[in-house]
Amino acid sequence: MKKSFEFDVIVVGSGVGGATFTDYVTRNNPDLKIAILESGPHRVKENFNQKEIDMTAMYFNRGAVLSKNLQVGVAAGNTLGGSSAVYTGVSFRPPKKVMKNWRDDFGMDFLSEEYVTRSLDEIEKEISVHELPKSWDNDNNKLFRKGAEKLGIPVKRLKINTKECQQQGFCNLGCTTGAKQGTLEVQIPKILKRGVKIFCNTKVVSVEENKVNVTVQDAPDGTLSNSMESGDYQFKAKKIILAAGVLNTPAILLRSVSQLKLKNKNIGRYLTLHPAFNVNGIHSKDVFGFKGFPKTVYADHFSASDHFYLETSFYFPGVTAKNNQGYGESHQDIMKSYSKMMSILILAHDQAEFKNRINIDENGNTIVDYCINPQTKEILIKALQEAVKIFFAAGCEKVLVPASKKNPLIKKDTEFINDLISEKYLNLFKTPLSSAHPQGGARMGTDPLKAVCDTNGKVYGTNSIYVCDASLFPTSVQVNPYETVMLLAKWIGENVMNKF
Ligand SMILES: Cc1cc2nc3c(=O)[nH]c(=O)nc-3n(C[C@H](O)[C@H](O)[C@H](O)COP(=O)(O)OP(=O)(O)OC[C@H]3O[C@@H](n4cnc5c(N)ncnc54)[C@H](O)[C@@H]3O)c2cc1C
């Protein structure tokens with residue numbers, strides 16, 4: 001028989017949703033016995049070395065879980081701290097119109113303007129959200145401003161959550177100094193002091209009422225060792241909080257459908273990805289975009305009219321090579337210009353559709369079943385056209401475009417951009433679309449015919465199972481999502497806490 005352990009609360013996942021939830025629950029309930037089960041290893045900042053070849057091991061599938069149709073690669077952290085160990089820390093509050101939609105269409109009445117403002121004031125203070133000084137803008141950020149302002153596009157400053165940041169550059173490979181105020185630095189140290197137990201390398205396979213079935217694997221080399229031997233175990237708890245992220249929470253529920261006798265057709269559905277193109281222009285001078293903090297400015301100018309954001313970005317060499325099409329010598333030539341590259345991230349606001357979903361294969365593994373729809377294609381094309389204009393206005397000589405008649409585009413193509421970049425040249429099977437902001441799959445709402453969880457996060461049709469992560473989003477939040485995940489986790493943490 002499997003060895004079993006008993007707790008009051010089991011939290012599955014130590015990322016943004018799971019660790020924030022645990023922080024709120026333990027504030028006023030010091031006697032609760034709580035365990036976090038985390039599939040990733042325990043890495044601390046001393047384990048991070050900013051080398052792409054080593055640090056991409058912090059992600060599921062090295063940073064790209066490919067959609068079934070191979071159109072999009074989804075990035076998510078599989079390490080203590082979850083995606084907050086690899087995120088950039090760009091901090092956005094959810095747009096008011098999205099919150100209104102969630103209240104009006106999904107009955108999430110708790111998200112009043114007053115509650116959202118008060119909660120995020122508190123959260124942002126705790127995790128040190130602030131605007132970076134202009135003196136930190138590296139040349140990539142300065143060029144974005146220059147190009148956009150030449151075209152009359154207003155540029156805004158991003159807020160991020162760091163403390164004493166050393167501007168090392170590659171935040172997405174883990175922060176070696178612990179400046180990034182993700183759950184590894186903020187919530188996890190606090191909850192460990194309050195007596196919460198964390199079991200790493202512990203993958204939750206399925207759940208039953210009050211039971212969690214797990215497989216423990218050996219800790220990989222170079223990470224902290226396990227407190228348990230590898231093997232299968234069962235944990236028992238009064239409440240089970242699924243915070244395994246969008247790629248995994250719906251998959252755990254789907255693997256548990258028969259034990260829980262769930263009939264809800266919405267499980268895994270309404271997945272949105274906030275699909276992104278990272279586009280590079282090649283400047284006449286060195287840009288050294290990899291030096292300093294990668295992103296300090298953005299433009300939301302096109303958000304209401306054309307449904308996309310433009311943010312600055314800069315990625316490590318392997319990802320940059322993947323983001324640019326081609327192979328062989330011509331591709332090597334592109335990469336030789338790495339130090340001259342300017343970089344813009346396009347983020348499209350996609351719609352929540354029933355057909356887009358997280359599913360599982362016959363072995364229970366996650367399948368991302370997502371298809372870019374015609375409206376998102378249109379958004380991506382318009383966004384590419386506008387981004388390319390910014391590159392040339394900023395002084396780039398060439399721009400490498402994933403959907404154009406010719407590649408690269410050169411400066412004198414500027415006046416023909418709207419003809420050269422169009423849907424007929426967008427081959428979604430050859431373009432490097434990515435997503436770091438998956439949302440949905442266990443949407444929250446008052447109507448069980450439209451949602452998977454009620455407005456306390458409890459899974460309809462269960463007594464003890466809750467969801468507390470980005471899977472809850474009923475639609476795309478349309479901005480970088482971590483603050484909204486924290487907002488929902490605070491609410492659920494406080495509500496579940498009141499019920500003890
Ligand atoms: C590279 C990158 C950059 C990003 N940058 C930003 C940014 O700048 N701003 C922003 O707002 N958002 C950003 N995001 C998105 C943000 O990190 C996520 O929206 C947020 O972390 C989602 O929180 P979550 O709790 O749903 O999932 P996560 O934080 O991913 O946590 C899920 C946890 O569950 C664990 N887990 C998964 N399956 C199991 C299982 N079966 N058993 C046990 N544990 C399991 C995972 O290992 C992980 O630790 C970024 C994401 C990535 C990947």
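This is a predicted model: local features need pLDDT of at least 70, side-chain atom pairs count only at pLDDT 80 or more; totals for chains, interfaces and linings use all residues.
Reader: Then how should I read the domains themselves? Which stretches of the chain make up domain 1 and domain 2?

Author: A domain can be assembled from several pieces of chain, as the assignment shows here. Domain 1 takes in 3–59, 76–128, 176–270 and 439–498, while domain 2 takes in 131–162, 276–349 and 373–427. Their C-alpha centres lie 32 Å apart. Across the boundary, twelve residues of domain 1 are in contact with eleven residues of domain 2. The domain 1 side of that contact divides into three nonpolar, seven polar and two charged residues.

Reader: Next, the ligand. How many residues surround the ligand, and which are the closest?

Author: There are 39 residues around the ligand, and the closest are Gly 13, Gly 15, Gly 17, Gly 82 and Asp 469. Helix H1 (16–28), strand E9 (202–208) and helix H14 (482–498) each give two or more residues to this shell. H1 supplies the largest share, three residues. By type, the shell divides into 17 nonpolar, 19 polar and three charged residues.

Reader: Is H1 enclosed or exposed?

Author: Eleven of the 13 residues of H1 are buried, so the helix is largely enclosed by the rest of the structure. The buried residues include Val 16, Gly 17, Phe 21, Asp 23 and Tyr 24.

Reader: On to strands. Which residues point one way from E12, and which the other way?

Author: In a regular strand the side chains alternate between the two faces of the sheet. For strand E12 (residues 276–283), Ala 276, Asn 278, Asn 280 and Ile 282 point one way, and Phe 277, Val 279, Gly 281 and His 283 the other. E12 is mostly covered, with eight of its eight residues buried. E12 pairs with strand E15 (residues 341–348) in the antiparallel sense over seven bridges, and Ala 276 has Leu 347 as its bridge partner there. E12 also pairs with E18, again antiparallel, over four bridges; in E18, the bridge partner of Ile 282 is Lys 398.

Reader: And how many bridges join E14 to E15?

Author: Five bridges join E14 to E15, and the two strands run antiparallel. In that pairing, Phe 308 stands opposite Ala 348. Strand E13 (residues 297–299) is joined to E14 by two bridges, also antiparallel, with Tyr 298 opposite Glu 311. Five of the five residues of E14 are buried, so this strand is largely enclosed by the rest of the structure. Phe 308, Leu 310 and Thr 312 point one way from E14, while Tyr 309 and Glu 311 point the other way.

Reader: Finally, backbone geometry. Where is the residue His 307, which has a positive phi?

Author: Most residues other than glycine have a negative phi, and most peptide bonds are trans. His 307 has a positive phi of about 65° and lies in the loop between helix H9 (303–306) and strand E14 (308–312). With 21 other C-beta atoms within 10 Å, His 307 is buried. Glu 164 has a positive phi too, of about 50°, in the loop between strand E7 (159–161) and helix H6 (187–193). Glu 164 has 8 other C-beta atoms within 10 Å and is exposed.

Reader: Which residues does the cis peptide bond join?

Author: The cis bond joins Asn 407 and Pro 408, with omega about 0°. Pro 408 is in the loop between strand E18 (396–400) and strand E19 (409–410).

Definitions and conventions. Residues are numbered from 1 along each chain as its sequence is written. A residue is near a molecule or strand if its C-beta atom, placed from the backbone, lies within 6 Å of it. Ala, Val, Leu, Ile, Met, Phe, Trp, Tyr, Cys and Pro count as nonpolar, Asp, Glu, Lys and Arg as charged, and the others, Gly among them, as polar. Domain bounds come from an automatic or database domain assignment. Two residues are in contact if their C-beta atoms, placed from the backbone, lie within 7 Å. A residue is buried if 20 or more other C-beta atoms lie within 10 Å of its own, exposed if 12 or fewer, and partly exposed in between; C-beta atoms are placed from the backbone. Two strands pair if DSSP finds at least two bridges between them.
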